[in-house]
Amino acid sequence: MSVEETAMEKQTLTGWILILLGLVLVIFPLFWILSTSLKSIGEWVTYPPIFIPERLAVENYLSIFTGGALGGGFVARVPNVTKSVIDSAICSVGGTAISIIIGLLAAFGIARHRMGGEFFPIFLLSARMAPPIVAAIPLLILYSIIGLVDTHIGLIIAYACFTLPYSTWMIASFIEEVPRDLEEAAQVDGMSTLESHFKVTLPLIRGGIAATSLFVFILNWSEFLLALTLTHEKVLTIPVQIKAFFTYSGQLYGPQSAFGVIAIIPLIIFSLIIQRHLVRGLTFGAIKG
């Protein structure tokens with residue numbers, strides 16, 4: 001075996017080791033939360049740790065939707081999470097829809113008409129460089145004046161505003177990948193400027209819009225600070241609800257992990273639904289390059 005072949009084998013082996021290490025770092029937390037969600041009370045915190053539970057404790061999943069009590073060494077009331085799942089779905093879907101619609105229109109203005117000048121896209125994105133706490137308190141005061149505190153519409157507007165820079169930037173990058181010549185040819189054939197945007201370019205960037213929608217939805221679904229600041233009792237989202245699993249008896253790791261698994265499921269379903277467009281959207285720039 002030549003020296004070059006030996007060096008190539010070492011590089012290949014190193015690459016596989018790094019890939020396996022990366023897979024472990026990504027998959028193990030998911031495995032651990034799924035495993036803990038199926039453990040009975042006595043197996044939550046043990047040394048040495050239990051990786052595979054002896055019995056599948058489905059009561060962890062049932063209790064979070066019934067608000068029942070868990071027994072064992074202690075009895076603890078598990079919070080009912082049904083309302084938080086519904087509220088999260090309403091606010092995340094609403095915020096994502098508004099962000100994508102307005103972001104799409106703004107992206108056409110930036111990518112095709114250079115509205116706001118060359119500096120405007122940077123200015124738009126710079127609004128997200130500040131931490132959310134900078135805007136949370138002023139937003140709470142404003143919402144208190146106009147009566148939007150602890151309402152779905154108030155949280156939807158906040159989610160849409162905070163994700164709008166991302167949706168605008170991402171969609172604008174996908175639009176710029178489409179040659180202007182296509183729209184100009186359509187306008188020569190009689191289409192108006194607006195028609196050429198929505199009948200020529202828009203169908204070509206469906207994958208990009210799907211990828212952007214998933215990214216924005218994940219941001220809204222997992223957002224914590226705004227939901228904690230702008231809501232109290234009438235509206236309760238999953239990230240805020242998940243901190244309620246600490247009782248006088250300790251942390252309810254089993255139901256809390258079951259709730260975490262439930263929170264992941266909508267993201268997986270959404271990803272599978274748009275999978276065909278998602279792959280196209282994530283590789284859109286790479287194909288042209």
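Leucine 125 is partly exposed, with a relative accessible area of 24%; buried means under 20% relative accessible area, exposed over 50%, and partly exposed in between, using a 1.4 Å probe and protein chains only. The model is predicted, so local features need pLDDT of at least 70 and side-chain atom pairs count only at pLDDT 80 or more, while totals for chains, interfaces and linings use all residues. Residues are numbered from 1 along each chain as its sequence is written, and side-chain values use heavy atoms, with hydrogens and water left out.

**Surroundings of leucine 125**

Leucine 125 belongs to helix 4 (residues 120-126); helices (H or I, at least four residues) are DSSP runs, numbered from the N terminus. Not counting residues up to four places away in sequence, leucine 125 touches Pro165, Tyr166 and Trp169, where contact means heavy atoms within 4.5 Å. Proline 165 is 40 residues from leucine 125 along the chain, yet their C-alpha atoms are separated by 5.3 Å.

**A nonpolar surface patch**

Ile133, Val134, Ile137, Ile141, Leu142, Ile145 and Ile146 form a nonpolar patch on the surface, and together they have about 680 Å² of accessible area. Patches are made of residues with over 30% relative accessible area and no salt bridge; like charges are joined within 9 Å, and nonpolar side chains (Val, Leu, Ile, Met, Phe, Trp, Tyr) within 5 Å. Accessible areas come from the Shrake-Rupley method with a 1.4 Å probe, and for residues only the protein chains shown count as cover. Isoleucine 145, one of the patch residues, is located in helix 5 (residues 133-146). Isoleucine 145 is exposed, with a relative accessible area of 67%.

**Salt bridges**

A salt bridge is a side-chain nitrogen of Lys or Arg within 4 Å of a carboxyl oxygen of Asp or Glu. By this rule the count comes to 5 salt bridges, including those tabulated here.

| Arginine 55 | Glutamate 59 | 2.9 Å |

Arginine 112 lies in helix 3 (residues 82-113) and glutamate 183 in helix 7 (residues 180-188), so the pair ties together parts that are 71 residues apart in sequence. Both arginine 112 and glutamate 183 are buried.

Arginine 114 is partly exposed at 40% relative accessibility, and glutamate 176 is partly exposed with a relative accessible area of 40%.

Note on methods
Helix = DSSP H or I, 4+ residues; strand = E, 2+ residues; numbered from the N terminus.
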